Amino acid sequence: MSTSVTFDSNVWENIVDENKRNTPDQICIKLYELIKNGSITPYFFEGLATIEVIGRRDRKEYVSNYKAGFSMSIDGEEVALHPGSGGPVISDYLKILVPRALELGFRFIKLRRIGAPSLDIPERHFAPDAKYCMKERQARTSQCMRFIEDVLKAGRGQLMSELDPTDGGLVHRTQNDGSLTTKKYSELVSEWSDGDALAAHYGYGIDFFCTNDRASGAGSSSIFYPTNLQKLEQRYPVNVVSPERLVLALGVTSA
């Protein structure tokens, strides 16, 4: 029986990129082989190709100027369309690596926020609602996301709490913020993506979340900070493991 795993960017890139895969400990080679032989069903979060690809120096400006797109239809006929800002442009590296990952069997898991950028790709590249129906999956995702943001004050909740407390949503608050540096804002966007990835992962009911993130840079604001992760696991088991622990959990050796 195949084990489902969501891979963080700091792991999946090392598995798919053959130049990064050949590490002395051979962990990523083993994971690659387990995916190839069907022992692991691999997933990654769509944020890797949306909010994560915005340049670190550009994130605050991008959000400040962001305009959501919308369309309106009457009796099946589109009568209004506003494309909005659209999604950010992915790097040349990801343009090469993501198709390789999809060919290997990776599928995107998603957490859609109203008005936020999302991937405009064929549905076959997204994870199926195999374990839970779409409605239940979305409810599970929302519950976990709210716990991360409202209780732990991590993920996107940390970003919102550190912006100037003006009325309005993220874009308006970012436009009116005078306290967060570009660097700090960028770091908080990364934490936002991590929180959303874990919430989506829980929503789909995937077995393990594999990451090399030790929250060494973000400290207590990170969802991967030990105290935060412990509280999350107690309420919403997300089974976060390192590549080494994943290999051990699957009962295989790394060499």
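**Cavities and helix packing**

The largest cavity of this predicted model has a volume of about 130 Å³. It belongs to a set of two cavities of 30 Å³ or more that a search of the whole structure finds. Thirteen residues, given as 13 in the count, line the largest cavity, and those that lie nearest its centre are Thr 50, Leu 111, Ala 116, Pro 117 and Asp 196. When the lining of the largest cavity is sorted by class, six residues are nonpolar, three are polar and four are charged.

The second largest cavity has a volume of about 60 Å³. Its lining consists of Phe 7, Asp 8, Ser 9, Phe 45, Leu 48, Glu 52, Ser 193, Asp 194, Ala 197 and Phe 209, and helix H9, which spans residues 182-204, supplies the largest share of that lining, with three residues. Sorted by class, the lining of the second largest cavity holds five nonpolar, two polar and three charged residues.

Helix H9 also takes part in helix packing, where its partner is H6: the axes of these two helices come within 7 Å and cross at roughly 145°, and the crossing is right-handed. On the H6 side the residues in contact are Arg 137, Arg 140, Thr 141, Cys 144, Met 145, Ile 148 and Glu 149, and they meet Gly 195, Asp 196, Leu 198, Ala 199, Ala 200, Tyr 202, Gly 203 and Tyr 204 of H9. This contact of H6 with H9 comprises eight nonpolar, three polar and four charged residues. Asp 196, which is one of the H9 residues in this contact, is also among the residues that lie nearest the centre of the largest cavity.

Helix H6 (residues 134-151) has a further partner in helix H10 (residues 226-235), and here the axes come within 11 Å and cross at roughly 150°. H6 and H10 are therefore roughly antiparallel to each other, and H6 passes H10 in a right-handed crossing. Cys 144, Phe 147 and Ile 148 make the contact from H6, while Lys 231, Leu 232 and Arg 235 make it from H10; by class, these residues are four nonpolar and two charged, with no polar residue. Cys 144 and Ile 148 of H6, named here in the contact with H10, are also found in the contact of H6 with H9.

A further packing arrangement joins helix H1 (residues 9-16) to helix H5 (residues 92-104), whose axes are 10 Å apart and whose packing angle is about 80°. That angle makes H1 roughly perpendicular to H5. From H1, the residues Trp 12, Glu 13, Ile 15 and Val 16 meet Tyr 93, Leu 94, Leu 97, Val 98, Arg 100, Ala 101 and Leu 104 of H5, and the contact of H1 with H5 contains nine nonpolar and two charged residues but no polar ones.

Terms used:
Residues are numbered from 1 along each chain as its sequence is written. This is a predicted model: local features need pLDDT of at least 70, side-chain atom pairs count only at pLDDT 80 or more; totals for chains, interfaces and linings use all residues. Side-chain values use heavy atoms; hydrogens and water are left out. On a 1 Å grid over the protein atoms alone, a cavity is a set of points where a 1.4 Å probe fits but cannot get out, and a pocket is an open set with protein on both sides within 12 Å along at least five of seven lines; lining residues have an atom within 4 Å of a point. Grid points are joined across faces, edges and corners, and a volume is the space filled by probe spheres set on the points. Ala, Val, Leu, Ile, Met, Phe, Trp, Tyr, Cys and Pro count as nonpolar, Asp, Glu, Lys and Arg as charged, and the others, Gly among them, as polar. Helices (H or I, at least four residues) and strands (E, at least two) are DSSP runs, numbered from the N terminus. Axes are lines fitted to C-alpha atoms, for helices over the stretch in contact, and angles run from 0 to 180 degrees between N-to-C directions. Angles under 35 degrees count as roughly parallel, over 145 as roughly antiparallel, 65 to 115 as roughly perpendicular and the rest as oblique. A crossing is left-handed if the near helix is turned anticlockwise from the far one by less than a right angle, and right-handed if clockwise. Contact means heavy atoms within 4.5 Å.
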